[in-house]
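Hi everyone, thanks for coming along. Let me put the structure up, and then I'll walk you through a couple of its elements.

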Amino acid sequence: MPYTLRVNGNVHQFDIDADTPLLWVLRDQLRLTGTKYGCGVAQCGACTVLVGDRAVRSCTVQVSNVGDKAVTTIEQLEGPEAAAVRRAWINHNVPQCGYCQSGQVVSAVTLLKENRRPTDRDIDLAMAGNICRCATYTRIRAAMHDAARTLQSKRRSA
Ligand code: FES
Ligand code: FES
């Protein structure tokens, strides 16, 4: 069946089954391999992308359910929150093997868009669905506080 998806600002047409997971379209058809396959059952967060403003697990979102909402992957994640998170991730040397990190970054950016002053608990709750086999959780939390401080100071100086 034909579907039109808006991904990273570009419109693409596909002739695929309605129940095809968004993740396979991103990785196999569009070669956007920054989004990873981990569990396939919405448990690990490696496949997290934005659909509209929401962070979703693309391994369980069917193409037929995306509609006309914009899909944004790690390759095109932009804006002040994304810039602050990327910088903080580098400053805190967050990634170890890196496999989970694109999903972690998408979830982190989503939280910081909603909450510029997250507590440890806010961070733990928001990031609970993103599993890291290398256990980089302490650095992720520190980097998110760092990114939040950057965003707050930008707002004060604006
Ligand atoms: S691959 Fe989608 S949540 Fe694990
Ligand atoms: S950095 Fe290796 S799984 Fe998270």
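Predicted model: local features only at pLDDT ≥ 70, side-chain atom pairs only at ≥ 80, totals over all residues.

Now, which residues of helix 2 are buried? They are E81, A82, A84, V85, A88 and W89. These cover an arc of only 165 degrees around the axis, which means they sit on the same side of helix 2. As for what covers them, that includes helix 3, residues 101-114, and helix 5, residues 137-157. On the face turned away from the buried side, you'll find the exposed residues R87, I90 and N91. After helix 2 comes N93, with a positive phi, near 50 degrees.

Let's move to the strands. In a regular strand, side chains alternate between the two faces of the sheet. You can follow that along strand 1, residues 2-7: Y3, L5 and V7 are on its covered face, while P2, T4 and R6 are on the uncovered one.

And what does strand 1 pair with? Strand 2, residues 10-15, runs antiparallel to it and is joined to it by six bridges; there, Y3 has F14 as its bridge partner. The two strands make a hairpin with two residues between them, and N8 in the turn has a positive phi of about 50 degrees. Strand 5, residues 70-72, runs parallel to strand 1, with two bridges joining them, and V71 in strand 5 is the bridge partner of V7.

Thanks, all, happy to chat.

Technical notes: Residues numbered from 1 in each chain as written. Chains lettered and ligands numbered in written order. Heavy atoms only, no water. Buried < 20%, exposed > 50% of the residue type's maximum accessible area, 1.4 Å probe, protein only. Helix = DSSP H or I, 4+ residues; strand = E, 2+ residues; numbered from the N terminus. Pairing = 2+ DSSP bridges. Arc of directions from axis to C-beta. Contact = heavy atoms within 4.5 Å.
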